[in-house]
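Dear colleague,

Please find below the structure for your records. A short account of the findings follows it.

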Amino acid sequence: MNPVLLVLLALAVVGLLWTTGVLTTLLGVGGPRNVIWVDGRLTLVPAGSTDGQRLLPAVPVTTAGAYAFEHTGADGRPVGYDPCVPIRYVTRPVGAPPEADRLIADAVASIQAATGLSFESLGTTDEPLVEDRAPIQPRYGSAWAPVLFAWSDADASPELAGDVVGVGGSEVVPAPHGDRSFLAAGRVLLDAPDLETILGRPGGYARARVVVMHELAHVVGLDHVDDPTELMAPRTGAVTGLGPGDREGLALIGQIPCADS
Ligand SMILES: [Zn+2]
């Protein structure tokens, strides 16, 4: 092709990208926006907060005990949710026991208080349960998919087979800019028949709440520890709330620096 034509064509493409806002998005403040593959499509990583301010104060570490992080960054700090952006969550009411809303609200309040991360309910969802949940979904716009609280059973969800009462976790995703990683698009899947059995026992509500707290602690980045006095023991056993190590780990998860917008 004629070199003059080539230059003109290149200028036209840059001009088009500029006027449509694509170029300014890609070269926004903080450098080029990171992209990820979602459902076979290259997708812009959702932006963080615009003012870089935490939503809630960081929680100081005042206890010591056993804790472990699911993921750790190159700086040795835990990989967690951006403290400058609310952790949005939705609940899927299909198959839920009557106590579901209270259980979830109680667990969210406990983990919010222990981490200094701000949770925000987006209400209910009819999102289908799939094994490989997309971290960005058109039903939730261009943001990360909210944390999903859902109820199922061992027949519909093989990961709840045996004596597994619930599972919880999040995706490790890139920051909007740069090379840091964060958590997003978490999920808590609860075994409704197992939880209903627990709820039917004396003191069952407290036991069920501990299960939901344990799974939500996985969502924000805590891993299991081999200490039966902590909530993050693989089996919650006789634990009725957060232990000293759980509190230390959750406070540290909530203290990580925010992502740039
Ligand atoms: Zn667990």
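Which residue has its backbone oxygen 2.7 Å from a polar atom of the side chain of S170? In this predicted model, that residue is V219. The side chain of S170 also makes a polar contact of 2.7 Å with the side chain of Y81. S170 itself belongs to strand β6, which spans residues 166-174. Leaving aside residues up to four places away in sequence, S170 touches Y81, L183, A184, A185, G186 and V219.

The structure contains 1 disulfide. C84 and C258 form this bond, with their sulfur atoms 1.9 Å apart. The pair connects distant parts of the chain, 174 residues apart: C84 sits in the loop between β2 (41-44) and β3 (87-91), while C258 lies in the segment after α6 (244-254). The torsion about the S-S bond of C84 and C258 is about 80°, and the disulfide is therefore right-handed. C84 has a relative accessible area of 4% and is buried.

I turn next to helix α4. Within α4 (residues 192-199), the residues A192, L195, I198 and L199 are buried. Viewed down the axis of α4, the buried residues fall within an arc of 125°, so they line one face of the helix. The elements covering them include α3 (100-115), β5 (147-152), β7 (181-191) and α5 (204-220).

With kind regards

Methods:
Residues are numbered from 1 along each chain as its sequence is written. This is a predicted model: local features need pLDDT of at least 70, side-chain atom pairs count only at pLDDT 80 or more; totals for chains, interfaces and linings use all residues. Side-chain values use heavy atoms; hydrogens and water are left out. A disulfide is a pair of cysteine sulfur atoms within 2.5 Å. Helices (H or I, at least four residues) and strands (E, at least two) are DSSP runs, numbered from the N terminus. Buried means under 20% relative accessible area, exposed over 50%, partly exposed in between (1.4 Å probe, protein chains only). A polar contact is a pair of N or O atoms within 3.5 Å; within protein, one must be able to donate a hydrogen and the other to accept it, and residues adjacent in sequence count only if both atoms are side-chain atoms. Contact means heavy atoms within 4.5 Å. The arc is that of the directions from the helix axis to the C-beta atoms.
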